Amino acid sequence: MAIRQVHLQAYIVTPKELSDALKKNVPTKISTAPRVIPLCAAWFLPNDPSGRTGQQVFMQKRIPSARFFDLDAVKDHESPYPHMLPSAPVFAKAMQDMGIHKDDEIVVYDTQELGIFSAPRVAWTLKLFGHPGVHLLNNFRLWVEQGFPTESGEVEAVEGAQNQYPTPTLETSKVVDFDEMKGIAKYYLKEGAEGVQVLDARSQGRWAGSDPEPRPGLSSGHIPGSINVPVPELLNPETGALLPGDELRKLFILKGVDPEKPIISSCGTGVSAAVIDVALGEADFGKPEARRLYDGSWT
């Protein structure tokens with residue numbers, strides 16, 4: 001029996017830690033041992049100036065042996081909103097089609113251009129559906145700058161049909177839906193309200209209502225009482241990497257966030273809200289069971 005040699009302990013991993021793990025877990029066609037699989041979660045806003053897509057940048061440059069998770073495909077196709085969580089069968093089929101096994105260690109990463117943006121949403125989704133080994137790379141830009149290998153072009157086909165991924169159960173306790181958020185906004189500041197804090201990851205202009213939303217016909221503005229925590233403020237301006245936990249903690253305190261009260265992360269569609277969620281975790285800010293994400297968010 002193959003011995004598992006995965007050495008990824010923390011949720012957030014460095015390029016060197018991922019490189020070392022990949023070297024110790026070289027997959028073979030006959031091996032059935034759990035693997036370390038880089039998972040590209042590249043995604044761009046619909047108003048991206050260059051019209052880029054996640055699939056395009058994945059084909060141009062990626063970590064060797066990486067798979068691609070398409071946020072625009074693995075979702076609830078019955079919903080009118082862009083990125084609502086998929087059903088359990090849809091999620092399981094996507095994992096199977098990518099050739100991922102339930103016991104594989106998955107390291108989700110973002111684009112070189114954006115640093116940290118959509119990968120936390122994919123990692124959050126995997127965790128919600130109970131995948132046991134999920135990590136986040138901090139980040140692909142540093143992976144490239146530090147000289148670790150990349151590849152490009154067509155991806156070698158994976159034998160997804162032979163690797164049945166079990167249909168999981170969604171952990172709904174970490175998700176806020178529209179009806180609950182509507183009630184929170186309605187009773188904001190009223191006597192008896194529990195003081196739920198909503199942190200909004202969008203830019204200050206979109207949050208304030210002075211800049212347009214990237215989706216035509218959608219007005220800008222914010223949920224009453226929400227606190228603006230734009231994603232770039234959570235990242236190193238030079239590398240696009242998530243800031244250290246102590247710096248993130250100082251930032252949340254400066255924003256007036258109370259760690260003793262429940263926290264809901266929000267954004268435009270529920271993608272970049274997960275950056276706030278992972279930053280709260282890295283800062284050890286607030287009770288883990290009291291941190292949730294508003295699926296669908298402002299849209």
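A disulfide is a pair of cysteine sulfur atoms within 2.5 Å. This is a predicted model in which local features need pLDDT of at least 70 and side-chain atom pairs count only at pLDDT 80 or more, while totals for chains, interfaces and linings use all residues. Residues are numbered from 1 along each chain as its sequence is written, and side-chain values use heavy atoms, with hydrogens and water left out.

User: How many disulfides does the structure hold?
Analyst: A disulfide is a covalent bond between the sulfur atoms of two cysteines. For this structure, the number of disulfides is zero.

User: Is Cys267 buried or exposed?
Analyst: Buried means under 20% relative accessible area, exposed over 50%, and partly exposed in between (1.4 Å probe, protein chains only). Because its relative accessible area is 1%, Cys267 is buried.

User: Which peptide bond is cis, with omega near 0°?
Analyst: Most peptide bonds are trans. Asn139 is placed in the loop between strand E5 (134-137) and helix H5 (140-145), where helices (H or I, at least four residues) and strands (E, at least two) are DSSP runs numbered from the N terminus. The cis bond is the one from Asn138 to Asn139.

User: What is the phi of Ser65?
Analyst: Ser65 sits in the loop between helix H2 (54-60) and strand E3 (67-68). With a relative accessible area of 39%, Ser65 is partly exposed. Its phi is positive in a residue other than glycine, near 75°.

User: Is Asp284 buried or exposed?
Analyst: Asp284 belongs to the loop between helix H9 (273-282) and strand E10 (291-294), and its phi is positive, near 50°. Because its relative accessible area is 59%, Asp284 is exposed.
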